[in-house]
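Below is a short briefing on strand pairing and salt bridges, written to be read alongside the sequence and the coordinates.

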Amino acid sequence: MSAYTELIRNFDKVKDYVREFYIFGFKTRDSYAVKSKRTYDNEKRRIESWLSGYIHSENTGHKKMVSVKVDSSEISGNPLYRCWKSKSYTDNDITLHFLLMDILDTENGMTVSEITDRILKDYDIMFDIQIVRIKLKEYCDEGLLTACKSGKNILFMKSGKSTGEIIDKYEGIKELISFYSEEIPFGVVGSFLSDKVNHVNNIFKRKHAYMVHTLDDEILLSVINAINEKHQVVLSCIGTKSRNIYNISAVLLKVHFSVQTGRNYVVIYNLDTNRLNSVRIDSIKSIKKVGTSKKYDTYYEYYKTNKKYLWGTSFGDLRKYGQTEHIHFEVQIDEKSEYFVVQRLIREGRSGTVTKIKDGRYAFDIDLFDANEASPWIKTFIGRIVQFTTDNQELQKRFNDDIQALCDIYGG
């Protein structure tokens with residue numbers, strides 16, 4: 001039986017386990033259906049070691065339910081970044097790391113054969129030359145080392161200045177890193193840089209921070225790379241409700257970030273259905289590149305043409321694809337003291353238009369693929385709305401029912 005370890009090799013497992021506790025939360029030993037109860041104990045222990053101080057538990061009957069509880073306004077750094085900083089390694093990994101750093105610290109450049117021989121000579125440790133070559137290439141990819149060609153040989157050497165030297169050179173750069181380290185996406189990069197120079201953020205705090213989405217950064221980076229390279233891909237996704245795995249052949253076009261929920265979406269051209277739709281980043285398990293899409297620019301222009309009909313990321317009912325739904329509502333305001341309402345309509349109304357009907361009365365009109373997405377925003381004007389109509393009969397009925405319910409409760 002393998003012993004428990006705090007470190008983990010596969011980050012996909014980290015995402016799944018932390019989401020179970022952080023997003024869904026309140027898992028008991030019996031309700032955690034992944035593998036065995038021993039797995040539950042191990043993963044709970046691992047998360048508690050990373051997120052000590054943020055674990056919340058409560059008893060329901062004889063069962064203990066566990067979740068992660070964080071108030072973003074009370075902390076200066078995202079505790080979930082610790083998940084990125086926990087990775088397993090073998091004895092050879094760590095030994096070879098320090099040997100390479102020591103040998104290349106005093107040399108201008110060495111070939112892989114020279115490095116392997118030097119390790120054997122100075123430390124009496126024999127490494128296969130192929131293992132050393134792989135490790136050197138990995139460190140070159142990560143920026144720890146550089147490689148240059150000298151004749152027929154490739155020489156490896158340490159990179160130039162260290163991160164600490166660069167950061168210390170510029171005044172205020174630590175504060176800049178502190179600010180962006182709490183931004184989504186890729187704020188974890190700032191956290192790593194701060195760790196390098198032992199800097200702690202004691203200036204910035206976020207009232208509303210969508211911390212959990214840092215778990216999507218690895219997939220998001222692959223998404224952005226596929227967009228930049230105009231690749232056709234196969235997305236392996238997991239259903240948010242069914243939890244079933246399914247694949248989508250697609251061309252990735254644009255990443256959309258929700259400022260209301262912090263959730264990330266990628267707009268795609270679905271090659272299986274020949275239509276635009278969006279996929280939640282946190283539902284993507286993996287991305288496989290197929291090749292460059294010859295029609296990428298055509299698909300992107302198609303997206304740009306249809307973007308004006310998006311309120312959020314929904315392209316509407318599959319059965320009504322391409323059809324838009326019209327929304328019209330009118331507000332009554334006091335021109336002198338409530339003109340800020342009109343300014344809100346203009347500022348927040350996206351592709352909608354604002355028309356003055358008469359003094360104190362303004363109309364807002366917009367065409368959308370999915371009128372339901374605008375409903376929460378429209379309801380913020382209740383109390384001033386004097387007329388509301390839409391082609392979406394379901395939304396029309398819900399709005400009318402909500403207003404009637406308010407009248408029944410409060411009178412009017």
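How many bridges join strand 10 to strand 12, and do the two run parallel or antiparallel? Eight bridges join strand 10 to strand 12 (residues 361-368), and these strands run antiparallel; helices (H or I, at least four residues) and strands (E, at least two) are DSSP runs numbered from the N terminus, and two strands pair if DSSP finds at least two bridges between them. This is a predicted model, in which local features need pLDDT of at least 70 and side-chain atom pairs count only at pLDDT 80 or more, while totals for chains, interfaces and linings use all residues. Residues are numbered from 1 along each chain as its sequence is written, and side-chain values use heavy atoms, with hydrogens and water left out.

- Strand 10 (residues 325-332) is largely enclosed by the rest of the structure, because six of its eight residues are buried; buried means under 20% relative accessible area, exposed over 50% and partly exposed in between, with a 1.4 Å probe and protein chains only.

**Salt bridges**

- The structure holds 21 salt bridges, each defined as a side-chain nitrogen of Lys or Arg within 4 Å of a carboxyl oxygen of Asp or Glu.
- One of them links Lys 158 with Asp 105, with the closest N and O atoms 3.2 Å apart.
- Since Lys 158 lies in strand 4 (residues 153-158) and Asp 105 in the loop between helix 4 (91-103) and helix 5 (112-123), the pair ties together parts that are 53 residues apart in sequence.
- Lys 158 counts as partly exposed at 30% relative accessibility, whereas Asp 105 counts as exposed at 52%.
- Glu 348 and Arg 347 meet through their side chains in a salt bridge of 3.5 Å, N to O; Glu 348 is partly exposed at 25%, and Arg 347 is exposed at 58%.

- Lys 397 forms a salt bridge with Asp 401, with 2.8 Å between the closest N and O atoms.
- Lys 397 and Asp 401 are four residues apart in helix 14 (residues 393-410), so about one helical turn separates them.
- Lys 397 is exposed at 53% relative accessibility, while Asp 401 is partly exposed at 39%.
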